[in-house]
Amino acid sequence: YMGNTKDAENVEVTHLKPQSTKDWIAYMLMKFLRTSFDLITGYKPGHMDEVKYLRRFIFLETVAGVPGMVASFSRHLKSLRSLEADNGWIKNLIREAENERMHLFTFIQLRKPGFLFRSAIYGCQAVFMTGFSLLYILSSRTAHRFVGYLEEEAVKTYSTCLQELDQGKLPLWKNLNAPQDAIKYWGLSKDAKFRDVLIAVRADETMHREVNHHFADLEPGTLAEQDEIVVLEDTVGEAAKDSNEEAKNNASKGGSETVSYTHLRAHETPEHLVCRLLLEKKILENVQEFLKQLFPQWIHGLAFHVRIHYFHQ
């Protein structure tokens, strides 16, 4: 999701009815976890305030960020063992985990968990990660269905919160400004409120709901099609467009925007590849020449091995 709050306002609370035995297992596991989670966080719709909702959201996101990372790690190891490509599952699952982690860091800007809260997070993470890892090893499709049902409940929770906010039951959030990091991440308007953040988070959870149900319907080795579901070219909000224009203006004025080396490599064209290899070769030759001047007796053999290793890569 990026910035289109008009579409995000119309998110629907849906439920996929269990069909197979695996679906029912996933659904019952979710119901057990939901009941336990409600008891731990003291969740009672209609009797919640801002502090209670933050406690639930923070706890929720510490759990929601686990499945994507566990699943991607499991598939990464399987890809290494089988010597076969993963067909796009790993990157999409990591993207999901990173998105859930961004939700967490957005909420902890409003509340810093104390010692007891952190201890509960430690314990819950240890139990949930162990259980979900075992489930994913036994049946990845059941695990994805379980996450799909879990995300259905997350959409319900955020929808209930937004409804109570609009009803005036959460007055502290009525005019609360959105954190700057959230504005930048979701491409919200500069005067966005915390309600807009909740809408964006709910839209993300909706995406995760649909994607994990989609993954559960696929055979494990099938090409992942999450990009067709999640990345929509027309969902970039006006704020995101303004940010792009601002970046272009800064570049034209001599400014620059920092990007990672991984980003550059991921978008590297064949022409850029040739330039990079030539530059790295020149750097290697300069390093060898410098080392020869310092250690003329044995550097020749070392340089030979360095060249062999370099061109082998």
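The count of aromatic pairs in this predicted model comes to 17, where rings of Phe, Tyr and Trp (its six-membered ring) pair if their centres lie within 6.5 Å, and planes under 30 degrees apart count as stacked, over 60 as edge-to-face and the rest as tilted. In one of these pairs, the ring centres of Tyr185 and Trp186 are 4.9 Å apart and the planes stand at 90 degrees, so the arrangement is edge-to-face. Tyr185 is partly exposed, at 34% relative accessible area, whereas Trp186 is buried, at 0%; buried means under 20% relative accessible area, exposed over 50% and partly exposed in between, with a 1.4 Å probe and protein chains only. Ring pairs also join Tyr43, Tyr53, Phe57, Phe107, Tyr158, Trp173 and Phe194 into a cluster.

Because the model is predicted, local features need pLDDT of at least 70 and side-chain atom pairs count only at pLDDT 80 or more, while totals for chains, interfaces and linings use all residues. Residues are numbered from 1 along each chain as its sequence is written, and side-chain values use heavy atoms, with hydrogens and water left out.

Two arginine residues have their charge over a ring, as the table shows. The rule requires NZ of Lys or CZ of Arg to be within 6 Å of the ring centre and within 35 degrees of the ring normal.

| Charged residue | Ring | Distance from ring centre |
|---|---|---|
| Arg56 | Tyr43 | 3.9 Å |
| Arg75 | Trp89 | 3.8 Å |

The largest nonpolar core holds 56 residues, and Phe107, Phe146, Trp173 and Leu198 have the most contacts inside it. Such a core is a set of buried Ala, Val, Leu, Ile, Met, Phe, Trp, Tyr and Cys residues joined through side-chain atoms within 4.5 Å. At least two residues of this core come from each of helix 2 (21-41), helix 3 (50-82), helix 4 (89-107), helix 5 (115-138), helix 6 (140-166), helix 7 (180-186) and helix 8. Helices here are DSSP runs (H or I, at least four residues), numbered from the N terminus. Leaving aside residues up to four places away in sequence, Phe107 touches Leu54, Phe57, Ile58, Glu61, Tyr158, Phe194, Leu198 and Val201; contact means heavy atoms within 4.5 Å.

Helix 6 has 27 residues and reaches 39 Å from its first C-alpha to its last, close to the 39 Å expected at 1.5 Å a residue. The expected span is 1.5 Å times one less than the number of residues. Helix 6 is mostly covered, with 22 of its 27 residues buried. Gly168, with a positive phi near 85 degrees, follows this helix.

Helix 8 is likewise a subject of burial: 19 of its 24 residues are buried, so this helix is largely enclosed by the rest of the structure. Asn212 is found in helix 8 (residues 194-217) and counts as buried at 1% relative accessibility. The side chain of Asn212 makes a polar contact with that of His144 at 3.0 Å; a polar contact is a pair of N or O atoms within 3.5 Å, and within protein one must be able to donate a hydrogen and the other to accept it, with residues adjacent in sequence counted only if both atoms are side-chain atoms.

The loop between helix 3 and helix 4 contains Leu83, whose phi is near 60 degrees.
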